[in-house]
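Subject: Handover of a structure and the findings from it

Dear colleague,

Please find below the structure that I am handing over to you.

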Amino acid sequence: MKAENDQRTGLLYGFGAYGMWGLVPLFWPLLKPSAAIEILAHRMVWSLAVVGLALLALRRWGWIRELLRQPRKLALTTLAASVITVNWGLYIWAVNNGQVVEASLGYFINPLVSIAIGVLVLGERLRRAQWAAVGISFAAVLVLAVGYGRPPWISLILAFSFATYGLIKKKLDMGGLESLTAETAVLFLPALGYLLWLGTQGRSTFATEGLGHSALLAATGLVTAVPLVFFGAAAIRVPLSTLGLLQYMAPVFQFGLGVLYFHEAMPPERWAGFSLVWAALAVLTWDALRTARRSRARLAAAPEVPAAVVAPAREPA
């Protein structure tokens, strides 16, 4: 019963995390007339404030000393911070410049890019269905390049930057809250310096657009941290296969907002390209579910190990 309640709670957290990420395109336009770089800098500064308060409440500080003693981990943290800066900044710019649909495509193809990185960087071997999904996604990019009159650079940069970020995080092996704190700490001084420079140039919108605007800029910290906390709570309660399915919620919401709310154009060739991407994801999901089911069946069919083999022999009394 407790396990069922935990899983139900985990699903709610997962829906909450991916739902918030899916609806975030509604938030960034509220921050106009702030430019994307100013919004990004505020996001870095206020995110550190939020996660710092969370760690203070949880009294989780021991990991900082360990991190500072490991130059390799510090270098990877700095690299992760740089990569996620590109991802965050481009996404904010895309949303505020009428490119929500193309941005959503980046997160649709992100799992496929992660597979490609696994093959090229980690030497992983793909199953036939995974190769098929990668091939279909490559065809989709070609179709979309024809539809846009150019390669879908926004989608590709978002997908590759986030997949690279995931690879670095895998090597870092840190908790979500701790890693976000470390990354935003790396970004804090450059971001704060940029905001102070904007103020000296009379170009900062933080103090010139009213208290409501200032509050919204400060809320970028919550917009960043809260979904991550929800995701962490979901990750420890539900299987990774379930999280893998939930991750499609965010780009589906983003795509729907781009078409139905922001009224972005979707000519036939773009529908064709997106349809190919969705077909590739369907193949990928089917293969993942089939593999997980077979693994469970093998485990269930495995003979039990005799207790005498597992337990060490007792010494005679």
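By class, the residues that line the second largest pocket are 10 nonpolar, one polar and no charged. Here Ala, Val, Leu, Ile, Met, Phe, Trp, Tyr, Cys and Pro count as nonpolar, Asp, Glu, Lys and Arg as charged, and the others, Gly among them, as polar. Please note that this is a predicted model, in which local features need pLDDT of at least 70 and side-chain atom pairs count only at pLDDT 80 or more, while totals for chains, interfaces and linings use all residues. Residues are numbered from 1 along each chain as its sequence is written, and side-chain values use heavy atoms, with hydrogens and water left out.

The pocket

A pocket is found on a 1 Å grid over the protein atoms alone: it is an open set of points where a 1.4 Å probe fits, with protein on both sides within 12 Å along at least five of seven lines, and its lining residues have an atom within 4 Å of a point. The second largest pocket holds about 270 Å³ of space, where a volume is the space filled by probe spheres set on the points, and grid points are joined across faces, edges and corners. Its lining consists of Ile 109, Leu 112, Val 113, Ala 116, Leu 120, Val 134, Ser 137, Phe 138, Val 141, Leu 156 and Phe 160.

Which helices supply at least two residues each of this lining? They are α5 (100–120), α6 (128–148) and α7 (153–172). With five residues, α5 gives the most. Helices (H or I, at least four residues) and strands (E, at least two) are DSSP runs, numbered from the N terminus.

Two further residues of α6 may be examined. Gly 135 lies in this helix and counts as partly exposed, at 38% relative accessibility. On this scale, buried means under 20% relative accessible area, exposed over 50%, and partly exposed in between (1.4 Å probe, protein chains only). The C-alpha atoms of Gly 135 and Leu 112 are separated by 9.7 Å, and the two residues are 23 apart along the chain. Ala 145 also lies in helix α6. Not counting residues up to four places away in sequence, Ala 145 touches Arg 150, Pro 151 and Pro 152, where contact means heavy atoms within 4.5 Å. Between the C-alpha atoms of Ala 145 and Glu 269 there are 9.3 Å, although 124 residues separate them along the chain.

The chain as a whole

The protein chain comes to 14 helices and zero strands. Its C-alpha atoms fill a box of roughly 85 × 55 × 40 Å, taken along the principal axes. Of its 317 residues, 41% are buried. Among contacts between residues at least 6 apart in sequence, 85% join residues at least 24 apart.

Aromatic rings

A pair of aromatic rings is described by the distance of the centres and the angle of the planes. Rings of Phe, Tyr and Trp (its six-membered ring) pair if their centres lie within 6.5 Å; planes under 30 degrees apart count as stacked, over 60 as edge-to-face and the rest as tilted. The count by this rule is 18 aromatic pairs. Why is the pair of Phe 255 and Phe 274 called tilted? The ring centres are 5.0 Å apart and the planes stand at 40°, so the pair falls in that class. This pair links distant parts of the chain, with Phe 255 in helix α12 (residues 249–261) and Phe 274 in helix α13 (residues 268–301), 19 residues apart. Phe 255 is buried, with a relative accessible area of 10%, and Phe 274 is buried at 0%. Ring pairs also join Phe 108, Phe 255, Trp 271, Phe 274 and Trp 278 into a cluster.

Loops

Most residues other than glycine have a negative phi, and most peptide bonds are trans. In the loop between α12 and α13 lies His 263, whose phi is near 55°, a positive value in a residue other than glycine. His 263 counts as exposed, at 63% relative accessibility.

Pro 33 is found in the loop between α1 and α2, and the peptide bond from Lys 32 to Pro 33 is cis, with omega near 15°. Val 24 is found in the loop between α1 (2–23) and α2 (36–58). Is Val 24 buried or exposed? Val 24 is buried, with a relative accessible area of 12%. Leaving aside neighbours within four places in sequence, Val 24 is in contact with Tyr 91 and Val 223.

Yours sincerely
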